[in-house]
Amino acid sequence: MPKLTLLQTGASFEVPAGTRFIDLCQTEDLPQPFGCTVGSCGTCCLVVEQGLESCAAMSEDERDTVTMCTDVKNARLGCQLVIQGDLALRPLE
Ligand code: FES
């Protein structure tokens, strides 16, 4: 199963492929902020430090929202992130 690591805390979770990050956050009560949950506000913006290659490509809408929030490389929206392989995430600073 894919392993998700939160670099901020060092916590890691093994989850079935296809698990939505937002669902994991709710199940595990993780300290990841969310707002709209539909990819338009940017509150959930984070950085994929490892495993970006296993993430689905960004939709045009996600790209627009990320671009509105930051120019940090490998930034993604947590509410749109689906865990397909090992991932390491850090908060957007
Ligand atoms: S919670 Fe609004 S973009 Fe993710």
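Analyst: The answer starts with the chain as a whole, then turns to the pair and its surroundings.

This is a predicted model, in which local features need pLDDT of at least 70 and side-chain atom pairs count only at pLDDT 80 or more, while totals for chains, interfaces and linings use all residues. Residues are numbered from 1 along each chain as its sequence is written, and side-chain values use heavy atoms, with hydrogens and water left out.

The protein chain contains 2 helices and 7 strands; these are DSSP runs numbered from the N terminus, with helices being H or I of at least four residues and strands E of at least two. In sequence order the pattern is β-β-β-α-β-α-β-β-β. The radius of gyration of the protein chain is 12 Å, which agrees with the value near 12 Å for a compact globule of 93 residues; the radius is taken over C-alpha atoms, and the globule rule is 2.2 Å times the number of residues to the power 0.38. Along the principal axes, the C-alpha atoms fill a box of roughly 30 × 25 × 20 Å. Of the 93 residues, 40% count as buried, where buried means under 20% relative accessible area, exposed over 50% and partly exposed in between, with a 1.4 Å probe and protein chains only. Among contacts with a separation of 6 or more, 63% join residues 24 or more positions apart; a contact means heavy atoms within 4.5 Å.

Now the pair itself. A pair of aromatic rings is described by the distance of the centres and the angle of the planes. Rings of Phe, Tyr and Trp (its six-membered ring) pair if their centres lie within 6.5 Å; planes under 30 degrees apart count as stacked, over 60 as edge-to-face and the rest as tilted. By this rule there is 1 aromatic pair. It is formed by phenylalanine 21 and phenylalanine 34, whose ring centres are 6.4 Å apart and whose planes meet at 55 degrees, so the pair is tilted. Phenylalanine 21 belongs to helix 1 (residues 21–28), whereas phenylalanine 34 is in the loop between helix 1 and strand 4 (45–50); the two are 13 residues apart, and the pair links distant parts of the chain. Phenylalanine 21 is buried at 1% relative accessibility, while phenylalanine 34 is partly exposed at 23%.

Phenylalanine 21 is also among the residues that isoleucine 83 touches, not counting residues up to four places away in sequence; others include Leu4, Val15 and Leu24. Isoleucine 83 lies in strand 6 (residues 82–83) and is buried, with 0% relative accessibility. Isoleucine 83 and valine 15 are 68 residues apart in sequence, yet their C-alpha atoms are 7.9 Å apart in space.

Leaving out residues up to four places away in sequence, valine 82 touches Gly18, Thr19 and Arg20.

Aspartate 29 is exposed, at 68% relative accessibility, and has a positive phi of about 55 degrees although it is not a glycine.
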